[in-house]
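Work through the exercises below with the sequence and the model side by side, and try each task before reading its solution.

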Amino acid sequence: MRTLWFGLIFLLPPFLKPWVLRRFCNARIGKHVSIGWFTSIAAREIELGDYAAVRAVTLIRLDGAFRLGQQSEVSNFCLIYGASDLEIGDQCYIGPQSLLNCDEPVRMGYYSALGPRSMVFTHGSFLPFTQGYWVKLAGVTIGSHVWCAAGVFLHPGVEIGDECFVNSRAVVTQSIPAGSVVEGNPARVVQPMEAVRRKMSPRRVDAALQQILRDFAKVTLEREMGITAIERSANRLLFRYNNRRYAVEIVPSVGYAGDRPPHWEESAAVYLVNRAEWNGAAAEWFDVPNLHSFGAGDPVHGALGAFMQRYYGMRFARRAHS
């Protein structure tokens with residue numbers, strides 16, 4: 001019966017999958033959950049938080065529990081299987097073509113990620129244990145604010161502490177202390193995270209947002225959306241999209257972006273806000289210090305949020321206007 005349900009969910013159109021899982025599999029499904037085409041989920045317990053997403057052509061089949069936190073994402077072409085649990089915290093990401101063996105528990109904390117083609121194993125042996133060959137069976141724990149880049153391999157029993165960066169193609173055979181940068185095969189600590197992490201004052205955040213704005217114009221507006229007529233300044237982009245005038249503006253830590261040209265005064269606005277006391281109740285905007293997003297589905301707001309997540313590691317939690 002379980003195999004039958006697994007196949008049925010695989011074939012269902014995406015809009016029906018959350019309802020079927022909730023109605024017939026006793027799954028706890030949050031608001032605005034997305035499950036893609038040719039994707040199926042089977043587990044003893046299923047819990048998907050608000051805005052969680054499991055993308056197309058991904059298979060998840062566990063004898064234990066599967067919990068995916070709020071606004072976390074399992075990308076395309078992933079294979080997740082095993083006899084135990086997979087628990088993924090809020091704002092996490094599993095990259096495309098990743099493979100997770102969960103015969104022992106696998107857990108991820110808050111705002112952590114596995115890059116594309118990463119592998120996690122909780123056991124492994126092909127040669128017979130009764131003939132003296134090595135076998136290990138142990139869970140894997142990934143802390144909060146951990147980034148495992150593309151192609152990382154995590155061995156059974158590994159624990160990665162909070163605030164760590166594991167470089168591409170690293171093979172992690174031993175646990176990693178919190179606050180470490182590691183790389184290599186086998187992976188080793190090369191420096192503390194604090195040595196590579198910049199101290200960000202409000203003014204430095206202002207400058208970082210200006211760089212993000214320049215790259216958003218070049219990568220998303222010009223290349224992806226085909227918009228070439230863009231009026232640029234340090235804190236503002238002005239352009240037309242779908243016959244509508246848009247202004248994408250930075251609200252810096254001090255001062256303001258300046259008045260718009262007269263013919264752009266009535267533009268739809270999307271704000272990048274780096275100021276605690278700013279009130280944008282009627283606007284589409286991003287609260288940069290707290291990584292919160294406020295908006296009602298405007299396409300430019302969505303494109304800017306997707307760009308910052310993909311290229312700058314900024315995952316914004318969605319919030320309602322107060």
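**Exercise 1.** In which helix do F307 and Y311 both lie, and how many residues apart are they?

*Solution.* This is a predicted model, in which local features need pLDDT of at least 70 and side-chain atom pairs count only at pLDDT 80 or more, while totals for chains, interfaces and linings use all residues. Residues are numbered from 1 along each chain as its sequence is written, and side-chain values use heavy atoms, with hydrogens and water left out. Both residues belong to helix α4, four residues apart, which is about one turn of the helix; helices here are DSSP runs of H or I with at least four residues, and strands are runs of E with at least two, numbered from the N terminus.

**Exercise 2.** Classify the ring pair of F307 and Y311.

*Solution.* Rings of Phe, Tyr and Trp (its six-membered ring) pair if their centres lie within 6.5 Å, and planes under 30 degrees apart count as stacked, over 60 as edge-to-face and the rest as tilted. The centres of F307 and Y311 are 5.0 Å apart with 35° between the planes, and the pair is tilted. Together with F216 and Y312, these two residues form one aromatic cluster.

**Exercise 3.** Is F307 buried or exposed?

*Solution.* Buried means under 20% relative accessible area, exposed over 50%, and partly exposed in between (1.4 Å probe, protein chains only). F307 has 3% relative accessibility and therefore counts as buried, whereas Y311, at 42%, counts as partly exposed.
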